[in-house]
Amino acid sequence: MKNRSLKTKLTLLYTVLMTLVILTALAVLLSLSGQALRSGVQTALREQVHQSTRDITPFEDRLEIDSDFYDLDQGIYLSVYGEDGTFLYGRVPYGFNTGEFLRDGQLRTLSSSETQWYVYDARFDLQPYGEVYIRGVSSVAAADHSTAVTFRFAGILLPLMAAVTAFIGYRMTRRALLPVRRITETVQKIQTDEDLSRRVGLGSGRDEIYRLGKTFDGLLEKLEASFQREKQFTSDVSHELRTPLTVILNQCGAMLEHPDLSRTEREGLLLIQKKASDMARLISQLLLLSRADQGRQPVNPELLSLSELTEITAEEQQALAAEKDITLETRIQPGIMAAVDETLYIRMLTNLISNAVSYGRKGGHIYVSLDLENGMAVGRVRDDGYGISEKDLPHIFERFYRGDSSRTDSSHSGLGLSMAQWILKVHSGFIDAESTPSKGSVFTFRLPAASEDRSPKKT
Ligand code: ADP
């Protein structure tokens, strides 16, 4: 029951309740109508017995019985008995014991041969003949017959009514819960595409669900505004920090050229330069992402040879890899063209390769490949480094997420992969990662390649 939808639960509840109400109402109605029916039969029995004297003409030695007396009006059998209880005239139903005692003015229920009878006896003084008893007999089963018919009808009608109730209940609940579905869908969409500008927009209803929808939209509005402020702040701060950092870097460069520097001074300046360039890198990543969030980051795709661009970018990282004694190998399928923003593509690939170097083993390998698969340019950056733990893997594309930070230095901000993911997204591509801890990782990105006819002709 726990796993059933609210729709099913409400329908079940509704149907069970309705069936119970119908059952109770039917039971009360049947019992009342049964009683009314029985008392109706009993009253008819009394009346018939009293009116039957009209069909009897008494003489001194005999009674003359009119043929109407023998009619089974309303199923009532009439018979005449002498004062001593001897049967004189009339009809008794088959199986009824005529020897039953006569009791003046009493209505009884008697059983004989598995049948139940209502019996009413009354004494009359029919002069000049004398006193006689007139007995009326009617079958109880006949009175109950109509109740049984009603029961049978109820037996057919009840399941039918339950089915109709369930159907109507289901439709109504479905309709009533439609806004809830809308709220869930909106939340799911926000979760997938992180677009806080979406609204539930239920319109102008007044019930609880509409109020929930409105509250939700209000909350989204506030959240969006506060995220917007945060983005603006990040963007402003990054922008403001860029100028002083450029000054620091320029000054460091200029001072390092000075020939009279002592060893300690040189080391100090080099450290400042390293930290300042780490900071400049972080700031440029922050700036790019905040501009991207605000939709202000320009993307200028050009039709380029992705094969050449990949080869050149990889070559530029050779020196970095060599510092760690890592061999960088490339296997690039030539002639793959794609419409990409050159700067952004280089940033994305540089990030992947520099990660492979940072998280690679000394003396290890990095393989960069590019292939054409089903119209998509598929790039892979594989390393045989430390790998990514199962716990970290689902989060590495999140902003500021840094797995196992003990292995990295402070130059790592946790922004590189989220930036790579955004770059691929704006190129209608995507990226994913696979990794075996302590064996290595492979990052695969895919983006649409340009079709042959769009590629520039070779001269
Ligand atoms: P960072 O600046 O920390 O490198 P990234 O967004 O580039 O930020 O990467 C996020 C995290 O993913 C890293 O902190 C690291 O734990 C993991 N990671 C990324 N690339 C690799 C790789 N090639 N090998 C192992 N772990 C990696």
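This note sets out numbered points on the structure above.

1. Basis of the note. The model is predicted; local features need pLDDT of at least 70 and side-chain atom pairs count only at pLDDT 80 or more, while totals for chains, interfaces and linings use all residues. Residues are numbered from 1 along each chain as its sequence is written, and side-chain values use heavy atoms, with hydrogens and water left out.

2. The five-stranded sheet. Helices (H or I, at least four residues) and strands (E, at least two) are DSSP runs, numbered from the N terminus. Five strands form an open sheet in the order S4-S3-S7-S6-S5, with antiparallel pairing; two strands pair if DSSP finds at least two bridges between them. Strand S4 (87-90) and strand S5 (106-112) stand at the edges with a single partner strand each, so one side of each has no neighbour in the sheet. From one strand to the next the twist averages 30 degrees. Axes are lines fitted to C-alpha atoms, for helices over the stretch in contact, and angles run from 0 to 180 degrees between N-to-C directions.

3. Strands S6 and S7. Strand S6 (residues 115-126) pairs with strand S7 (residues 130-139) in the antiparallel sense over ten bridges. Within this pairing, Tyr118 has Ser138 in S7 as its bridge partner. Pro128 is in the loop between S6 and S7, and the peptide bond from Gln127 to Pro128 is cis, with omega near 10 degrees. For context, most peptide bonds are trans.

4. Helix H1 (residues 6-51) lies across strand S3 (77-82), S5, S6 and S7, and runs at about 30 degrees to S6. Contact here means heavy atoms within 4.5 Å. Gly85 is placed in the loop between S3 and S4. Its relative accessibility is 31%, so Gly85 counts as partly exposed; buried means under 20% relative accessible area, exposed over 50%, and partly exposed in between (1.4 Å probe, protein chains only). The C-alpha atoms of Gly85 and Gly99 are separated by 7.9 Å, the two residues being 14 residues apart along the chain.

5. Nonpolar cores. A nonpolar core is a set of buried Ala, Val, Leu, Ile, Met, Phe, Trp, Tyr and Cys residues joined through side-chain atoms within 4.5 Å. The largest has 44 residues, and Leu306, Tyr345 and Phe443 have the most contacts inside it. H8 gives the largest share of this core, eight residues. Apart from it lies another core of 18 residues, among them Ile56, Leu63, Ile65 and Phe124. Leaving aside residues up to four places away in sequence, the residues that Tyr345 touches include Leu306, Val340, Ile423 and Phe445.

6. Helix H9. Eight of the eleven residues of helix H9 (residues 416-426) are buried, and the helix is mostly covered. Among the buried residues of H9 are Leu417, Met419, Trp422 and Ile423. Their cover includes helix H5 (263-293), helix H8 (342-358), strand S13 (430-436) and strand S14 (440-448). Just after H9, Ser428 takes a positive phi of about 55 degrees.

7. The ligand. The ligand is surrounded by 18 residues, of which the closest are Asn355, Tyr359, Asp383, His412 and Leu417; a residue is near a molecule if one of its heavy atoms lies within 4 Å of it. Tyr359 places a polar side-chain atom 2.8 Å from an oxygen atom of the ligand. Backbone atoms also take part: a polar one of Ser413 is 3.1 Å from an oxygen atom of the ligand, and a backbone N or O atom of Gly414 lies 2.9 Å from an oxygen atom of the ligand.

8. Strand S11 (residues 365-373) and strand S12 (residues 376-383) pair in the antiparallel sense over eight bridges, with Asp383 in S12 as the bridge partner of Ile366. The two strands form a hairpin with two residues between them, and Asn374 in the turn has a positive phi of about 50 degrees. S12 also pairs with S14, in the antiparallel sense over seven bridges; there, Val381 has Phe443 in S14 as its bridge partner.

9. Two exposed loop residues. Asp325, in the loop between H7 and strand S9 (327-332), has a positive phi of about 60 degrees although it is not a glycine, and at 51% relative accessibility it counts as exposed. Ser438 lies in the loop between S13 and S14; its phi is near 65 degrees, and Ser438 is exposed, with a relative accessible area of 53%.

Key
A polar contact is a pair of N or O atoms within 3.5 Å; within protein, one must be able to donate a hydrogen and the other to accept it, and residues adjacent in sequence count only if both atoms are side-chain atoms.
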